Amino acid sequence: MKTIILPSKKKVAETVADLIQEKIKKKPNLVLGLATGGTMMPLYKELRKRKIDWSKVKTFNLDEYVGIKKKKDSYHYFMDKYLFSKINIKRKNTHFPKNKDYDSEIRKAGGIDLQILGIGVNDHIGFNEPRSSFTSKTRVVNLSDETRRSNSRFFQSLNSVPKKAITMGISTILKAKEIYLIATGRKKALAIQKAVECKPNEKIPATALKKHKRVSFFLDKKASGKLGD
Ligand code: PGA
């Protein structure tokens, strides 16, 4: 596992965008696993600004809420708003989990070349909450109270945050050929400390990444603040 610490979240976004741009240049039909949430906004802003030919790229998003009341609260809407509507990607090449066939859809596309991940304050990756099995595949899960509270900032109230989501499983994520995890801000410092310093165990989902050979953590100074404490 590589840990790359950068001075600011802007620098994190620029660095990851550079790497994605290079990968698409080398392999125009790259299969890219994408994430949503506040951490990804600077990255998508950066990617939108660049001259990248997305016409052959395929994307697979990590997760989606189940039972969303307003379309604009969905991750599908988030991706359209912050990235897909601003680039020349073909909508038929963008995918969101709908049922357990997602793992085989990914396989048929040749597997994910690069998976982008955020991390939850409780160390979730995708919506794989603590105690998710490391062998889990795409499935519907219950969201923890902590995750619902943390994500309520994107909703009108805590009550309107869905209680369920569909997410790639941990084994789905670990099948990606390469993984970049991005974390910025002091709020993520403890989650990052656990992910980096604890042995793989299902109470801390992000520790599963230690089982993968090509994982890089891109952190700003604040998110790396507790490493080595
Ligand atoms: P955030 O979410 O970027 O909105 O903090 C990250 C996550 O829950 O994976």
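This is a predicted model: local features need pLDDT of at least 70, side-chain atom pairs count only at pLDDT 80 or more; totals for chains, interfaces and linings use all residues.
A polar contact is a pair of N or O atoms within 3.5 Å.

**Ligand surroundings**

The residues around the ligand are Gly37, Gly38, Thr39, Gly118, Ile119, Gly120, His124, Arg153, Phe154 and Lys188. Among them, His124, Arg153 and Lys188 each place a polar side-chain atom at the distance from a ligand oxygen atom given below.

| Residue | Polar side-chain atom to ligand oxygen atom |
|---|---|
| His124 | 2.6 Å |
| Arg153 | 2.8 Å |
| Lys188 | 2.6 Å |

Strand 9 spans residues 178-183, and six of its six residues are buried. In a regular strand the side chains alternate between the two faces of the sheet. In strand 9, Glu178, Tyr180 and Ile182 point one way, while Ile179, Leu181 and Ala183 point the other way, and all are buried.

Strand 9 pairs in the parallel sense with strand 6 (residues 114-117) over four bridges. Within this pairing, isoleucine 116 stands opposite tyrosine 180 of strand 9. Strand 9 also runs parallel to strand 10 (residues 215-220), to which five bridges join it. Here isoleucine 179 has valine 215 of strand 10 as its bridge partner. Between strands 9 and 10 the chain passes through helix 7 (residues 189-197), and this β-α-β crossover is right-handed.

Beyond residues up to four places away in sequence, tryptophan 54 touches Ile20, Ile24, Leu32, Leu47, Ile87, Asn88 and Ile89.

**Arginine 139**

Arginine 139 lies in strand 7 (residues 139-142).

Apart from neighbours within four places in sequence, arginine 139 is in contact with Asn128, Ser132, Ala165, Ile166, Thr167, Met168 and Gly169. With one of these, asparagine 128, arginine 139 makes a polar contact between side chains, at 2.9 Å. Valine 196, by comparison, is 57 residues from arginine 139 in sequence and 26 Å from it in space, C-alpha to C-alpha.

Technical notes
Residues are numbered from 1 along each chain as its sequence is written. Side-chain values use heavy atoms; hydrogens and water are left out. Contact means heavy atoms within 4.5 Å. Helices (H or I, at least four residues) and strands (E, at least two) are DSSP runs, numbered from the N terminus. A polar contact is a pair of N or O atoms within 3.5 Å; within protein, one must be able to donate a hydrogen and the other to accept it, and residues adjacent in sequence count only if both atoms are side-chain atoms. Buried means under 20% relative accessible area, exposed over 50%, partly exposed in between (1.4 Å probe, protein chains only). Two strands pair if DSSP finds at least two bridges between them. A crossover is right-handed if, with the strands pointing away from the viewer, the path from the first strand over the helix to the second runs clockwise. A residue is near a molecule or strand if one of its heavy atoms lies within 4 Å of it.
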